[in-house]
Amino acid sequence: MYAVQFQEFGAPDVLTVDSFPDPHAGPGTIRIRVKAAGLSPVDLGVRSGRTAAAITFPHIPGVDAAGIVDEIGDGVSGVAIGDDVFGTVEISKLGGAAAEFAVLNFWAHRPDALPTVEAAAAGTSVETSTRALDLLDVHDGQTLLVDGASGGVGSTAIQLAIARGARVIATGREESFEFLSELGATPVLYGEGLAERVAELGIAVDLALDVAGKGSLPELIAIAGDAGSVLTLADFAGPKLGVRISMGEFAGEPDGKHGLEVAATLAEQGRFRIPVEAVFPFGRANEAHELAEAGGRRGKIVLVTESGN
């Protein structure tokens, strides 16, 4: 098969497209012919060497993908050859999705209402958001503050929290306010003085989710009332302040769907989408990584194969 890959850590120009041995579905997994693969922060960290990772060269980046099932492993039910699905690879492998074929550990059927490029970028954002909302026990009637809400995880958490019946206050730059409002959140400027700005809204906050990891935890604790009502996904200072920190795979859903089926259903209802800022062919993966590293985005970056649409 052909695949995006790199032979050494470095800048985006280490990425090439070359041949690679075909992967195969093992027990509990499926293989897809990839149409599109999402680009996530972990891809940038692993490729650059900033993220400590035990990988073997050459390495294929990508943990999220969408495509057509063409091989089914032992013990798998509810899916057939030819089904259109989206999901994630085994996260611990830190890659494998940006290729002609990819093996998925977690997946759901892609509804027509969720375009392939959006579905390809959904997997880890949905998993991370679902895990966070479950750990916080977000439910109907509550108000959730999402700090760092305009990125992939933040924008996904907004939609999934609203679908649970929660009200969401979302922090971001002023230029992202329209985007956050379109998702159904009440926007507020992020950064120092957040507690005062939230107080001015006159809305009592029950829970807070820190996505950005920019040192806002003391203010989030003050806003939510106690450290136990705050969860961070990115600030390692959290435990010292009594705030839970959550990283890694979600382990609470026995069917292994990681919230993907919920997202698919919401998409069918017109209540869920994955904002996509840019789409690149595999052969321009280096440009995609350069754009991702530039930051300041309000949508995902996606790589498409020749068969992608």
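Me: What makes a contact here?
Reply: Contact means heavy atoms within 4.5 Å. Alanine 121 touches Gly38, Asp64, Ile274, Lys300 and Val302, leaving aside residues up to four places away in sequence. This is a predicted model: local features need pLDDT of at least 70, side-chain atom pairs count only at pLDDT 80 or more, and totals for chains, interfaces and linings use all residues. Residues are numbered from 1 along each chain as its sequence is written, and side-chain values use heavy atoms, without hydrogens and water.

Me: Why is alanine 121 called buried?
Reply: Buried means under 20% relative accessible area, exposed over 50%, partly exposed in between (1.4 Å probe, protein chains only). Alanine 121 has 0% relative accessibility, so it counts as buried.

Me: Why is the pair of tyrosine 2 and phenylalanine 282 called edge-to-face?
Reply: Rings of Phe, Tyr and Trp (its six-membered ring) pair if their centres lie within 6.5 Å; planes under 30 degrees apart are stacked, over 60 edge-to-face, the rest tilted. Here the centres are 6.2 Å apart and the planes stand at 75°, so the pair is edge-to-face.

Me: Why is tyrosine 2 called partly exposed? And why is phenylalanine 282 called buried?
Reply: Tyrosine 2 has a relative accessible area of 25%, so it is partly exposed. Phenylalanine 282 has 5%, so it is buried.

Me: What makes phenylalanine 6 and phenylalanine 57 an edge-to-face pair?
Reply: Their rings are 6.1 Å centre to centre, with 65° between the planes.

Me: How do you know that the charged end of arginine 31 sits over the ring of phenylalanine 101?
Reply: A charge sits over a ring if NZ of Lys or CZ of Arg is within 6 Å of the ring centre and within 35 degrees of the ring normal. The charged end of arginine 31 is 4.2 Å from the centre of the phenylalanine 101 ring and sits over it.
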